[in-house]
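Keep the sequence and the 3D view at hand.

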Amino acid sequence: MTRQSKLTTLEKLRPATTVDDHWPATTRDATLERLLRTATDSAPPARVRTRRRRLLLTAALTTGLLASGAGIATASGLLPDSFTGPLSFWAKETGGSVDVQTARRVAQAPGPDGMVLSVWSARNENGTICIAPMFEPPGPLDRPAPADFRLAGGSCERASDRNRGSGSGPFHSTGGSADDRGIHTMWAAAGGAARAELRLPDGTTRPALPAEGQFFFWYLADERVDPPTLVGYDAAGRVMAERPLPDLDRIDR
């Protein structure tokens with residue numbers, strides 16, 4: 001369609017008006033021509049810009065939803081039954097008040113055979129804490145629950161019992177387990193100790209792992225020598241207490 005035919009069409013579409021009597025034909029035609037030219041020249045760029053903005057906005061919204069979805073999935077992910085099953089004793093010891101699904105890895109330290117000794121814990125609203133040390137492959141502290149792990153015991157303690165025992169100094173109570181490889185894994189209430197270490201029979205020492213108000217440690221038992229000694233230190237580095245560890249093999253027998 002030519003520019004003149006467009007102008008004629010525009011004139012026909014224009015409603016009738018008495019203004020035409022006071023508007024010279026030459027002026028009217030020039031004005032309509034200018035309006036037609038302006039609309040024709042400016043329309044395509046406006047459509048292109050609008051479409052591009054919509055595309056960018058859609059992409060931004062899609063990216064935001066994907067990121068949010070990933071975060072929600074990670075935060076609300078359930079621990080697998082293969083992991084929570086061995087920790088079911090938490091529910092038995094607390095009458096179900098501690099939910100195993102709330103278990104989180106709270107600390108870890110080097111363990112035997114390239115594994116790490118990690119501590120998992122959970123608590124209820126009344127302050128009861130359940131812990132479970134285990135050996136698992138190394139990695140970041142916030143990594144998912146392991147598929148391959150060796151549970152090394154665990155226990156639950158009410159807040160009232162924990163507070164009552166804290167005034168008697170470090171290592172007022174201990175717990176532990178032994179496996180068929182001779183690996184003994186133990187934990188002791190920290191009391192007032194700022195840090196602790198394991199003093200082995202050969203004179204070497206190994207730091208104990210602090211978590212949830214307790215110290216966790218492991219050692220390879222040797223029936224030819226006495227068990228290690230747990231040594232606690234205050235914030236100034238002074239020895240607060242020394243406790244020879246029990247022989248778990250003899251206790252089991």
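Ser 177 stands opposite Thr 185, a residue of β7. That pair belongs to the antiparallel pairing of β6 with β7. The model is predicted.

- Four strands make up an open sheet in the order β6-β7-β11-β10, and the pairing is antiparallel.
- The edges are β6 (174–178) and β10 (209–211), each of which pairs on one side only.
- From one strand to the next, the twist averages 20°.
- In a regular strand, side chains alternate between the two faces of the sheet.

**Strand by strand**

- Five bridges join β6 to strand β7, which covers residues 183–189.
- Seven bridges join β7 to β11, again in the antiparallel sense.
- Within that pairing, Met 186 has Phe 217 of β11 as its bridge partner.
- Three bridges join β10 to β11, and this pairing is antiparallel too.
- Here Pro 210 has Phe 215 of β11 as its bridge partner.
- β10 and β11 form a hairpin with two residues between the strands.
- In that hairpin, Glu 212 takes a positive phi near 55°.
- Strand β11 (residues 214–220) is mostly covered, with six of its seven residues buried.

**Aromatic rings**

- A pair of aromatic rings is described by the distance of the centres and the angle of the planes.
- With ring centres within 6.5 Å as the cut-off, the count is four aromatic pairs.
- Phe 89 and Trp 90 are edge-to-face, because their ring centres are 6.3 Å apart and their planes stand at 75°, where over 60 degrees is the cut-off for that class.
- Both residues of this pair, Phe 89 and Trp 90, are buried.
- Elsewhere, ring pairs link Phe 83, Trp 120 and Phe 149 into a cluster.

**Charges over rings**

- Arg 195 places its charged end over the ring of Tyr 233, at 4.1 Å from the ring centre.
- Arg 206 lies over the face of Trp 218, and the distance to the ring centre is 4.0 Å.

**The disulfide**

- A disulfide is a covalent bond between the sulfur atoms of two cysteines.
- How many disulfides does a search of the whole structure find? The search finds one.
- Cys 130 and Cys 156 form this disulfide, with their sulfur atoms 2.0 Å apart.
- Cys 130 lies in strand β3 (residues 129–136) and Cys 156 in strand β5 (residues 155–157), so the bond ties together parts that are 26 residues apart in sequence.
- The torsion about the S-S bond of Cys 130 and Cys 156 is about 110°, so the disulfide is right-handed.
- Are Cys 130 and Cys 156 buried or exposed? Both cysteines are buried.

**A helix residue**

- Thr 84 belongs to helix α3, which spans residues 81–84.
- Its relative accessible area is 12%, and the cut-off for buried is under 20%, so Thr 84 is buried.
- Beyond its neighbours within four places in sequence, Thr 84 is in contact with Leu 79, Val 100 and Gln 101.

Conventions:
Residues numbered from 1 in each chain as written. Predicted model: local features only at pLDDT ≥ 70, side-chain atom pairs only at ≥ 80, totals over all residues. Heavy atoms only, no water. Phe/Tyr/Trp six-rings, centres within 6.5 Å; stacked < 30°, edge-to-face > 60°. Buried < 20%, exposed > 50% of the residue type's maximum accessible area, 1.4 Å probe, protein only. Lys NZ or Arg CZ within 6 Å of the ring centre and 35° of its normal. Pairing = 2+ DSSP bridges. Axes fitted to C-alpha atoms, helices over the stretch in contact; angles between N-to-C directions. Disulfide = S-S within 2.5 Å. Contact = heavy atoms within 4.5 Å.
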